[in-house]
Amino acid sequence: MSAARPGALIPHRILVAKPGLDGHDRGAKVVARALRDAGFEVIYTGLRKTPEQIVAAAVQEDVRAVGLSILSGAHNTLLPEVVEGLQAAEADDVLVFAGGIVPERDIEGLRAAGVDEVFPPGSSTAEIIEYLNRRLGPP
């Protein structure tokens with residue numbers, strides 16, 4: 001492993017996670033690859049992670065944002081649990097965003113619970129990258 005050059009920009013670290021029992025991760029992998037290709041450092045947790053495991057990984061990896069991909073219908077429970085876990089771990093400066101199958105009627109409740117943005121089906125990876133660049137600023 002080589003050290004960063006003096007003055008070199010260190011990319012933002014993003015954790016991409018699949019909370020709950022959902023076994024489909026194609027979308028999460030597409031987003032993870034797009035973020036990597038856009039210059040972010042991406043950590044992908046794999047399938048079936050608990051909110052506690054996601055929080056622990058976010059803290060351990062010192063990430064700037066956590067992207068949650070959820071298709072199981074448990075978004076109103078699992079996503080707020082991740083936000084609450086980050087707050088309890090004194091990592092409430094970590095941005096939480098989500099995508100997957102989230103009905104429009106649930107998005108405002110998730111935002112009220114601390115999820116910064118929700119990307120519904122049909123959202124593009126370019127939208128997600130633009131959002132992260134805007135919210136996180138330069139590395």
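Which residues of β3 are buried on one side and which on the other? In this predicted model, A65, G67 and S69 are buried on one side of β3, and V66, L68 and I70 are buried on the other.

View 1. Strands of a sheet pair through backbone hydrogen bonds, in either a parallel or an antiparallel sense.

**View 2. Strand β3 pairs with β1 and with β4.** Between β1 and β3 there are 4 bridges in the parallel sense. I14 stands opposite A65 of β3. On the β4 side, the bridge partner of A65 is L95. The pairing of β3 (residues 65–70) with β4 (residues 95–100) is also parallel and runs over 6 bridges.

**View 3. Strands β3 and β4 are covered on both faces.** In a regular strand the side chains alternate between the two faces of the sheet. For β3, 6 of the 6 residues are buried, so this strand is largely enclosed by the rest of the structure. For β4, 6 of the 6 residues are likewise buried, so β4 is also largely enclosed by the rest of the structure. The buried residues of β4 are L95, F97 and G99 on one side and V96, A98 and G100 on the other.

**View 4. The largest pocket has a volume of about 440 Å³.** Its lining comprises 26 residues, of which G27, V31, S69, G99 and G100 are the closest to the pocket centre. At least two lining residues come from each of α1 (26–37), β3, β4 and α5. Helix α1 supplies the largest share, 5 residues. By residue class, the lining of the largest pocket divides into 13 nonpolar, 10 polar and 3 charged residues.

**View 5. D106 lies in helix α4 (residues 104–112).** The relative accessible area of D106 is 15%; because this is under the 20% cut-off, D106 counts as buried. Leaving aside residues up to four places away in sequence, D106 touches H75 and N76. D106 and N76 are 30 residues apart in sequence, with a C-alpha to C-alpha distance of 7.4 Å.

Conventions. Residues are numbered from 1 along each chain as its sequence is written. This is a predicted model: local features need pLDDT of at least 70, side-chain atom pairs count only at pLDDT 80 or more; totals for chains, interfaces and linings use all residues. Side-chain values use heavy atoms; hydrogens and water are left out. Two strands pair if DSSP finds at least two bridges between them. On a 1 Å grid over the protein atoms alone, a cavity is a set of points where a 1.4 Å probe fits but cannot get out, and a pocket is an open set with protein on both sides within 12 Å along at least five of seven lines; lining residues have an atom within 4 Å of a point. Grid points are joined across faces, edges and corners, and a volume is the space filled by probe spheres set on the points. Ala, Val, Leu, Ile, Met, Phe, Trp, Tyr, Cys and Pro count as nonpolar, Asp, Glu, Lys and Arg as charged, and the others, Gly among them, as polar. Buried means under 20% relative accessible area, exposed over 50%, partly exposed in between (1.4 Å probe, protein chains only). Contact means heavy atoms within 4.5 Å.
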